[in-house]
Amino acid sequence: MQKPSLPKGTRDFGPVQMARRNFILDTIKETFQLFGYQQLETPAMENLSTLTGKYGDEGDQLLFKILNSGDFLKNVSPEDLENGPAAMLPKVSEKGLRYDLTVPFARYVVMNRHELTFPFKRFQIQPVWRADRPQKGRYREFYQCDADVVGTDSLLCEAEIILMIHQVFGKLGIQDYSIKVNNRKVLTGISEAIGEAGKEGPLCVAIDKLDKIGKEKVEEELKQRGFGDESISKLQPLFEAQPGNFQEGIQFLRGFLEESPIGLKGLEELEETSRILASLGGSMDHVAFDFLLARGLSYYTGAIFEVKAHGVKIGSVSGGGRYDDLTGVFGMPGVSGVGFSFGVDRIYDVMEELGLFSESDLSAPQLLLAHFDEKGFQYAAGILSAARTAGIRAELYPDLVKMKKQLDYASKKGIPYVGICGDSEIETQTIALKDLASGEQSQISLKELIKKLS
RNA sequence: GUGAUUGUAGCUCAGCUGGUUAGAGCGCUGGUUUGUGGCACCAGAGGUCGCCGGUUCGAACCCGGUCUUUCACCCCA
């Protein structure tokens, strides 16, 4: 007999976890729908050609590839073997598991461009797979909840993203968090302002580590990446700036970027987003302007978001931004959009660590019908049917066992009420309804039972 | 990919410098109680010590490998 086990980085979700996960997923889904997004699902697997080359070399390494069916070696020659794994791969695998939801979405938009009405607002809640090494808040199979709008440049979308984040976190009861915002144009402006135009990529990679490795190490890394001493010294004010709020941050950067039109444009967009948010009745609560925030620089071109929960040592729980050319790689240029994603698994971890889940299991049945013998079982079956018709989540204990065991079952499963059906109940056409929490018990009619529980 | 770390009963963990029948708490099953759970008491079941190999008279313990857990780096949700 073999011991069963789970692949590395994957998890089972039991009834309690599923009830909690569904609470999070339903909250996110309802919010997306409330804001006019419609649901899309795509296959777990995509053609490998769709996936490769979209996430950089490192990303390609993290793709799960699916071995071809049948004789997967039939196209492989001895020379292929010598040429190494990279040359072999396309001959033995033509499909892979999706790595994120953005690329499949781009593929979908391109394939359905003639049917879609733009601006197109879609949301997608599905698992993705990455052959990463698991650790805290990082799994090989996890859910992403993406919402994107394509085909509009309006900053209304950005403002609505902030609203949706407020709404979701509010409903989940997560209070201590921050929404860091920045704009890619600001980063471009910064690199211009220090005389290193076009090098915002390496600049951000280095600066991003400021919290972790400290100022000196960042400067060292910048030197290694070919930044001059003069440029690095021009960065000093940014390291030292401690703007108290969003407006102060904008003011500070306005001075720093006065020579850079593109940088100033980025600041304007941020301010405009804030104005739209206000006119939508939203607030800038939790929003912080972090002008060093980088994130997935490869394709973001405008706003950048990242949400972090405080009090829990875990990566970001949500993030996103605006991109100008989502579908260019698939031969459909000029489709701009903005999107963001909630990381359900990390939100779950945060809520668990903060003790934010409610004690009661909302998925448990409300009523268990218990019995002493075959006669009681028959009587209870009739009650069961009536209770279910009335919409009460109910079940009948299936075996003829001791009352003790039946009560124990209800208690452990989190069922609040037990309806006991014995001879005296049959005689008087009642049910002995026991409240397990208080231990109180009363003889009531079927009608009263339904009234009480529905 | 780099560097650590973990693995003993269903769960959480003890187990001394290698030495006889590997323990505890909780949980589980049954009983005290044949129409009533939680509390108490009593009894009982349950372990190839992750796996493979090596050292040794002898390995849960030492060595090598492998898988697994957790964590950091890289990167990311």
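Reader: Which helix does Ser231 lie in?

Author: Happy to start there. This is a predicted model, and in it Ser231 lies in helix α11, which covers residues 229-240.

Reader: Why is Ser231 called buried?

Author: The relative accessible area of Ser231 is 7%. Buried means under 20%, so Ser231 is buried.

Reader: What does Ser231 touch, not counting residues up to four places away in sequence?

Author: Ser231 touches Ile194 and Glu196.

Reader: What makes the pair of Ser231 and Ile194 a polar contact?

Author: A polar atom of the Ser231 side chain lies 3.4 Å from the backbone oxygen of Ile194. The cut-off for a polar contact is 3.5 Å, so this pair is within it.

Reader: How do you know that Glu219 is buried?

Author: Glu219 has a relative accessible area of 18%. The limit for buried is under 20%, so Glu219 counts as buried. Its place is in helix α10 (residues 210-224), and, leaving aside neighbours within four places in sequence, Glu219 is in contact with Ile232, Gln236 and Phe239.

Reader: And what makes Leu187 a buried residue?

Author: Leu187 has a relative accessible area of 3%, and as buried means under 20%, Leu187 is therefore buried. Leu187 sits in helix α8, residues 184-193. Leu187 and Gly263 are 76 residues apart in sequence, yet their C-alpha atoms are 7.1 Å apart in space.

Reader: Let us turn to the sheets. How many strands form the open sheet that includes β7 and β8, and in what order?

Author: There are 8 strands, in the order β1-β5-β6-β11-β10-β9-β7-β8, and the pairing is mixed.

Reader: Why are β1 and β8 called edge strands?

Author: β1 (38-39) and β8 (287-289) each pair on one side only.

Reader: How do you know that β7 and β9 are paired?

Author: Strand β7 (residues 177-183) is joined to strand β9 (residues 300-309) by 7 bridges. Pairing asks for at least two, so β7 and β9 pair. The two strands run antiparallel, and Tyr177 stands opposite Ala309 in β9.

Reader: Which helices lie across strands of this sheet?

Author: Among them is helix α6 (residues 102-111), which lies across β5 (120-129), β6 (141-150) and β10 (318-323), running at about 135 degrees to β5. Helix α12 (residues 246-256) lies across β7 and β8, at about 15 degrees to β8.

Reader: What is the strand order in the open sheet of 3 strands?

Author: The order is β2-β4-β3, with antiparallel pairing. Its edge strands, β2 (45-47) and β3 (65-67), each pair on one side only. From one strand to the next, the twist averages 45 degrees.

Reader: What makes β3 and β4 a pair?

Author: β3 and strand β4 (residues 93-97) are joined by 3 bridges; at least two are needed, so β3 and β4 pair. Leu67 stands opposite Ser93 in β4. Helix α5 (residues 85-92) lies across β3 and β4, running at about 90 degrees to β4.

Reader: How do you know that β15 and β16 pair?

Author: Strand β15 (residues 431-435) and strand β16 (residues 441-444) share 4 bridges in the antiparallel sense. With at least two required, the two strands therefore pair.

Reader: Now for the RNA. How many residues surround RNA strand B?

Author: 38 residues surround RNA strand B, and the closest are Arg130, Arg138, Lys402, Lys412 and Leu436. Of the RNA atoms that come within 4 Å of the protein, sugar and phosphate account for 43%.

Reader: What is the make-up of the surface near RNA strand B by class?

Author: It has 10 nonpolar, 11 polar and 17 charged residues. The largest share, 6 residues, comes from α16.

Reader: What makes the approach of Lys136 to RNA strand B a polar contact?

Author: A backbone N or O atom of Lys136 lies 2.7 Å from a phosphate oxygen of RNA strand B. An N or O atom in the Arg346 side chain is 2.9 Å from a base oxygen, and one in the Asp408 side chain is 3.0 Å from a sugar or linking oxygen.

Methods:
Residues numbered from 1 in each chain as written. Chains lettered and ligands numbered in written order. Predicted model: local features only at pLDDT ≥ 70, side-chain atom pairs only at ≥ 80, totals over all residues. Heavy atoms only, no water. Contact = heavy atoms within 4.5 Å. Axes fitted to C-alpha atoms, helices over the stretch in contact; angles between N-to-C directions. Near = heavy atom within 4 Å. Polar contact = N/O pair within 3.5 Å; in protein donor to acceptor, adjacent residues only side chain to side chain. Nonpolar A, V, L, I, M, F, W, Y, C, P; charged D, E, K, R; others polar. Buried < 20%, exposed > 50% of the residue type's maximum accessible area, 1.4 Å probe, protein only.
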